[in-house]
Amino acid sequence: MSAPSPENYAVVTREVDTIPIAYPHPVIWAICFGAALVLFTLFLIGVGATFRYGIGMWGNDIPVGWGIAISNYIWFLGIGHAGTLISALLLLTGTSRRNALSRFAEAMTLFAVICAGLYPLIHLGRPWLFYWMAPYPNSMTIEPQFRSPLAWDFFAVLTYLTVSALFWYIGIIPDLAAVRDRARKRWQQVFYGLLSLGWRGSARHWARWDEAYRLTAVIAIPLVVSVHSEISLLFAAGPIPGWTSTVFPPYFVLGAAFSGFAVVSMISVILRHALKLGDLVTERHLDLLGKLLLATGLMTAYGYWSEVFDTLYGGDSQELATLHDRIAGEYAWSYWGALIANFVPLQLLWWKRFRVNPWSLFLIGLAVAIGMWLERYMLLVVTLYRDYLVSSWGHYHPSVWEWMIFVGMIGVFLAPFLLFVRFLPVISAFEVKAAIFKGEEPRHA
Amino acid sequence: MPQIFTASADTRLRAVLFGIVFAVIVGMLFLGDILSSTYSTRVGWVRDQPVPFSHKHHVGELGIDCRYCHAGVEIGAEATLPATHVCMTCHSQIWTNAAMLAPVRESLAQNKPLLWHRVARLPDYVYFNHSIHVARGVPCVTCHGRIDEMPLTVQAQTFQMQWCLDCHRNPAPRLRPADQVTRMDWSDWDHHPERHDGFGEAVMQAHHIDSTKLIDCDVCHR
Amino acid sequence: MHEPGGDQPIFGMMAEFDRPERLVEAARQARQARFRALDAYSPFPIEELTEILELHDNRVPILTAVGGFLGAALGFTLQAYTNLAFPIDIGGRPLIAIPAFLLITFELGVLGAVLATILGMLVLNRLPRLHHPVFDVETFHLASTDKFFLIIFSIDRRFDAEGTREFLMGLRPHRIDLLTQPAARS
Amino acid sequence: MSVTGSDELARILAAEHPALAPALDGVARRSLLKAMAASLALAGLPGCDWRPDDDAMPYVNTPENVQPGRAKWYASAVTLNGIAQPILGKTYTGRPVKLEGNPDHPLTRGAGDVFLQAALLGLYDPERSQAPRHLGRPASWAAFDAAMQANARALDQVQGEGFRLLTGAVTSPTLARQIGDLTRRWPKARWHVLEPTREDQRIAAAQLIFGKSLDLHFQLDQAETIVSFDDDLLGPGPRQGVQARLWAERRRAFQAGQGGSRLLVAEPTPSLTGIRADRRLVASPRAVADLVQALALSLGIHDAPAPTLSATAQEWLGAVSRELSEKRGRSLVSVGPWYPPEVQALGLLINEKIGAFSKTLRLIAPIQALPPDDRSFAALVADMEAGRVNTLAVLDANPVYAAPADLVVRAAMDKVPLRLHAGLYHDETAALCHWNLPLEHDLETWSDARALDGTVSLLQPLVRPFYSVRSRHTLLGNFAGGSPEARTVVQDTWRQTWGSDFDARWRDALYSGFIAGSAEPFVTPTVTNRTVIAPPRPLSQALTLAIRPDPTLWDGRFATNAWLQELPKPITKVTWENVIAVSPALAEANGWKNGDQLRLSLEQRAIQGTAWIVPGQERDTVAVTCGYGRDLESGAGQGGYNAFALTATQEPWHRSGIALQAIGDSETVATTEPVHAMDGFDFVRRVAAPGASVAKESKAESFYPERKPDSPAWGMSIDLDLCIGCNACVTACDAENNVPMVGKDLVAHGRSMHWLRVDHYAEDPDEEPSFAFQPVPCMHCEQAPCEMGCPVNATVHSSDGLNLQVYNRCIGTRTCSAYCPYKVRRFNWFDFTGNDPEPIRAMRNPDVTVRQRGVMEKCTYCVQRIRAARITADIETRDVRDGEVVTACQQACPTQAIVFGNILDPQAAVTQRKANARDYALLEEANTKPRTTYLARIEPLDPVERGEG
């Protein structure tokens, strides 16, 4: 490995921190952002119509009172778990490889959680009263019902959102300072100057910053686990066959990490390509992601298996009926779809060449993202459309408005994420430098 | 490298941050005040009525009993407003052509009801029953205030759920002899509670009133 | 207060190095020369500096613990209190359903801990601080890129313009700047 | 006529535009305007919606015994086929808001049916014609009176020559008297009757063998064995309430171990009676007739050649004759009114043989006033075509819609110079008449009518008419040029009967709602003619068509009644249309699926309808119902097909030689229960004998502290052995709790709002399934999952054990519904109530909150009634007595299958019910500890199945 030299540090800064100041492909970016805005508008229209005329605009009914809204809520939140988890884990294990991935992984988390958080609000029958979910002094002297999984979710999601945001922000401050220092336009100087809070890299600051950052990471990991465990209780706390399984919390957490890593892989491949970050987001990073994906995938598969096993072993007739509906019922496509999309392409990751090849990794990630969506959908719909009483069996077919909101929600995710890519350092440059200094990150070429 | 910000920038930044925090806190307090203000509860607000009826005159000065006009109060949920002919029982004799009373005579002549604007209003999802409150000795004044001192009738209490619950959680101190419910002035009770010590408790025992059951939701919401 | 206040005409003297190793070395020597009021500026955290300049500060973890505890306490009391204040029978569950309450207790505990940690860190670092004397140094914008600075504050007992300059010269820096306070400049 | 179009846009409309307000299906803007006009009459009556009512409007002069805000009850009656259904009407400030059967009535004892309950909506129906019209244009009553006087003078000259009066079935003594007076004044005038669902063939049968027409009166409470040859004894119709009550009396005795209660039924298509049967034989209409003959033969009633019977039929018949010989004098045989007089007559002779007369079968002089000699409707049409009619006065009948298809009524109508139509609606007949004269609804008119046993009920107005309408008595007078006042006319009738003590008896009758002791005496007639020849069998071996009245729309008179349109048919659970019921075998043979569009053709006529596969239907029988396919100007009631188009004067109910083929396309049917199989679960449990007990599950452990319930602890018990699935409870619940109707599309979408549903189960095999009904209201679980799920305390438990739903707290997360194992919760997907027209607002029960969009709702155990009772009790310083709180469903149940009360009161009926060995909880394994429990069905094995005999 070549000795670290000032040039190396400067190169890193140039590669990362020039992007916000002088973005390489403004036109392509503008097109993408425009597209994202179009989706965002769709979201507004869908939600507007729903608020104006009522939830009846959706496909929900009795028995399936929840639909895509709630399964998407879980799906988005799941994706939102990878960022914080991956970056915290790698930080604590001291792997310097995190530095290339952590930043945009966290950003993804942030925006995914926002999307997730929106769903429970818009799915309310009387959304204008959403604030009754929060405790506050009121003239009714009625407070939230804290035994309800929804009340737990309310706190869990808010906490998770705040923590991820702060974790991400203090991580980005030093790089914002770097951008500030390279900025030449006045507005950029002011903008980044304010965002970086006047960071000047003082050794004293670094010391405290480092403590705070690691502490937050330590706390973030159990938080991630707790949050998705709670989400799983939204189902598991009910008495409905197919939901009462005790395997749900770990099952959901792993599934969440799984889907999240999948999306991280997709995003890193795209950014790496679009922003020419090949020598920062190296094959070794992709390899790491591939392995994580494989590992969590296999654990999720275990969850699937143990659920089936529990049911067969327990032998409860209602549970068996639900299992039958899953594999052979009206919505069996969602079960088999999930199974196939999640675990079949995944097996390629046993071979390194598929892990390090960006596009195979991207496609596998895509497959998993879709597969996990199908799984969430299956868990919700299959259980509800046929519960105990045969006489109250029904169906569920999402309406065009639900799809519109779903597609729009992707815009809600992309629009801020693109802004992040455009105006903020997507890679943790100072950590790369630190790694170079420690000699962990030799510079090829 | 030149400074991006002037020395005073920090001061201003801190001022702004503090200002935001301050604004949020004050804003919340202010919102709370608005909601509990008479603007939203309408306490003490006078509403235009077809006839400027004075309870002060009829109750306070003439001493007419509430039940003479609000005949339903003991037998039904609603206290009921008096029919026009009830007004005319007297006003066919006195003030027979007072301009003020023209709408009343008109109502009788054309057989068209008087259109009063409610002063004491409850939402449609709240079911209040006068008869049981009267039967147990909750005096009119508790909810309707010193009606006998109101030249124009106004709402005396907030009628917010909290206010209802205050009493339903602890009715005893508000209970009075049922035969005196229409009495307006209870100052002697209010000033010397010791003289009537245990009266409320006695009533509650006599009628097996369990205050924990008085806060069941379906007591008011059906 | 480890930095000179606005009343001091001189802020300190700053030396620029082009390599982290050099900075570390310089810091070590400055300590040996028994300079106390020191600080260093680098584009990335350098653990050695923390050692050499004895910057350990355990207030942040304490804040974390306190914040976490307060948050959790708030969480549980909130739930217990509201249930006692208006006791409502919910599906025959106990009024104080400890297992159910623990989730929110945990969440608020985490929230409190993280808020305390991060806000605490910022406050202790006196951030945000938009205007700072060190920004006057012509090349300081490189402190976030690939240059490394050591500063000896004017409040140091051994600080005197000449002697300090000579000492710093001895460390063979790229350049040396004397930092004055804005108050003094005007 | 669906409320909302199938696509999203239409849903938007549904949510936005009053014209599509679900509670009043298919109301055109025009009739809405009319409704607004009506609202003048209702102005000031506090509507009950979620907007705070700001203004108060006291009376000018409080009417005597009206107490604003306090309910008053008036005794009266509504009519079906002219037969009185005695009621008590609950009114608030002069507005009827709920009808209940009159518990004091000697015959019905409060028993009623869906039609009784739904009559309330009929009163407020904005579809009603609301002012007189001449040639389709609004006209004044004055103009009408003038026209009538002129016409009457002309008729006086010719002794009423050419004047024809057409009515529905008439039991009203007053109307009969008026008609009598009219025909005395105009000897040449003629009176005809058209009542599509009248039991003509039964009356004819009596004529045949007794030489005089008599009414049959089934004493089901005396009959330990009932053999029904396709007679829907417990099914919909004027007889349902009474017969269900009598049957239930016997059944309860049987449950208590006193005597038997067996029901053997042979029928082509499942009926409520068949579903309740101990042994049900699936037999084509022809086979049923054969069975009657074979039974008669075996009893030596005739010696005609024995018909050929299938093995199962013979086996069934064996069981029947065994039962009949065992239970001589305690058994009853009844033949469905659908069968020709000869078969009916055989049935009567069988009853005579088995000693049923004046024991289980009583005969009374007909309660209907019948025109002398042959005044059939066919005769009228013949005269009209021959131009012998110059004035046709149609009083409360709808010949153009309901006449047998072999009579060309439309053409005949053209030949009549002056056509008058008096009816509740501007219907098909009205469209062809010069004068349309709106009638008063039973609830706003003065009249009288007779119950099944002849007991006379007085109809008194519960509300001042709010449309410009007249009573049938007034109008009949008007036809003759007079203008009598209804009340006086009715009073005159009874003044003549009572003479001096009129005033006292009149007051009593008004108070009690009926005239005591006015029942027809039983007669023991002598059989004058035993030579009954069975009818010639239809030669065709092809499909047989069975036409029946519709269980919810009857003969179509209720086509605009949203409660009945959206009421699931008892067996198919289909709403908003009538289907063509085919047997599983036939459907499979032809590859038909539910929803396929079929074309049913007979002779030159054809109808198009939706195929529906009905387990337990005879293979080659196709069943259709009357009442749909209406052609009203507003477009209401257009769903389904008009089965009258297939009827014939001589063969009103059964036709052979029909052709049926699929026309290719298929439509969604709005059914509330897509699957009827129990799938091997034990939702409905069965025991073999009255004393036997159901298999109890081992007591499940619970994490939660055992809570000692606090008195009163409300609970409900539903006896599945008594439930006949008649739906009266559902309609009563709709009326009592302001349940909104949502229209066909939303029902199909799984969004029907009924708080109480009656599940229907049909378990394989398809040919001879075992059926069961199970009413499912909210179970009010003591450990309710729904409450646990709600994040805002909107659904909570009350100290007396109610699972409360606080609408104004609900934010609509729908978690409660997701967690509910019984799926009894209903959600306001749109604003279902905000756009209701004024009459509907006036109809609402002010004791129940009208729910806003986006909130959950469900059965409350009629909490408003509980609270009312508790307040009364508290004022009187006492506990609520047992039976003081009666839920709407409980009150409406003709068999008293539902019992409600304080389960901690050892004396309470509900407590004793729950102590019964048949008591079980639905979905016990969910461990929700429901307060609503069921009593298992008793299905004794009969001798043959026991391997004896």
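Visitor: Is the crossing of helix 5 of chain B and helix 6 of chain B left-handed or right-handed?
Guide: Left-handed. The word applies if the near helix is turned anticlockwise from the far one by less than a right angle, and right-handed if clockwise. Bear in mind that this is a predicted model, where local features need pLDDT of at least 70, side-chain atom pairs count only at pLDDT 80 or more, and totals for chains, interfaces and linings use all residues. Residues are numbered from 1 along each chain as its sequence is written, chains are lettered from A and ligands numbered from 1 in the order in which they are written, and side-chain values use heavy atoms, with hydrogens and water left out.

Visitor: At what angle do those two axes cross?
Guide: Roughly 120°, and the axes of helix 5 (residues 84-91) and helix 6 (residues 102-110) of chain B come within 10 Å. Axes are lines fitted to C-alpha atoms, for helices over the stretch in contact, with angles from 0 to 180 degrees between N-to-C directions. The two helices are therefore oblique to each other; under 35 degrees would be roughly parallel, over 145 roughly antiparallel, 65 to 115 roughly perpendicular, and the rest is oblique.

Visitor: Which residues make the contact?
Guide: From helix 5 of chain B, Thr84(B), His85(B), Cys87(B) and Met88(B); from helix 6 of chain B, Val104(B), Arg105(B), Ser107(B) and Leu108(B). Contact means heavy atoms within 4.5 Å. Helices (H or I, at least four residues) and strands (E, at least two) are DSSP runs, numbered from the N terminus.

Visitor: Switching to chain D: what is the order of the open sheet with parallel pairing?
Guide: The order is 12-11-10-13, four strands in chain D. Strand 12 (279-282) and strand 13 (331-335) are at the edges with a single partner strand each, so one side of each has no neighbour in the sheet. On average, neighbouring strands are turned by 10° against each other, direction ignored. Two strands count as paired if DSSP finds at least two bridges between them.

Visitor: What packs on that sheet?
Guide: Helix 10 (residues 311-326) of chain D, touching strand 10, strand 11, strand 12 and strand 13; its direction makes about 145° with that of strand 11. Strand 10 and strand 11 (residues 262-267) of chain D pair in the parallel sense over five bridges, and Phe229(D) stands opposite Ala266(D) in strand 11.

Visitor: And Asp230(D), what is its phi?
Guide: Positive, about 55°, although Asp230(D) is not a glycine. Asp230(D) is in the loop between strand 10 (225-229) and helix 7 (240-255) of chain D. At 4% relative accessibility, Asp230(D) is buried: that means under 20% relative accessible area, with exposed over 50% and partly exposed in between (1.4 Å probe, protein chains only).

Visitor: Where is Tyr861(D)?
Guide: Tyr861(D) is in the loop between strand 35 (856-857) and helix 25 (863-875) of chain D. Tyr861(D) has a positive phi too, near 60°, and is buried at a relative accessible area of 1%.

Visitor: What does Arg913(D) touch?
Guide: Among its contacts are Ser717(D), Ile718(D), Asp719(D), Val899(D) and Asp919(D), leaving aside residues up to four places away in sequence. Arg913(D) is in helix 27 (residues 909-915) of chain D and is buried, with a relative accessible area of 14%.

Visitor: How many residues of strand 4 of chain D are buried?
Guide: Seven of the seven in strand 4 (residues 95-101), so the strand is largely enclosed by the rest of the structure. Strand 3 (residues 83-92) pairs with strand 4 in the antiparallel sense over six bridges. Their hairpin has two residues between the strands, and Thr93(D) there takes a positive phi near 35°.

Visitor: Last topic: which peptide bond in chain A is cis?
Guide: The bond from Ile62(A) to Pro63(A) is cis, with omega near 15°. Pro63(A) lies in the loop between helix 2 (26-53) and helix 3 (68-92) of chain A. In chain C, the bond from Leu127(C) to Pro128(C) is cis, with omega near 0°.
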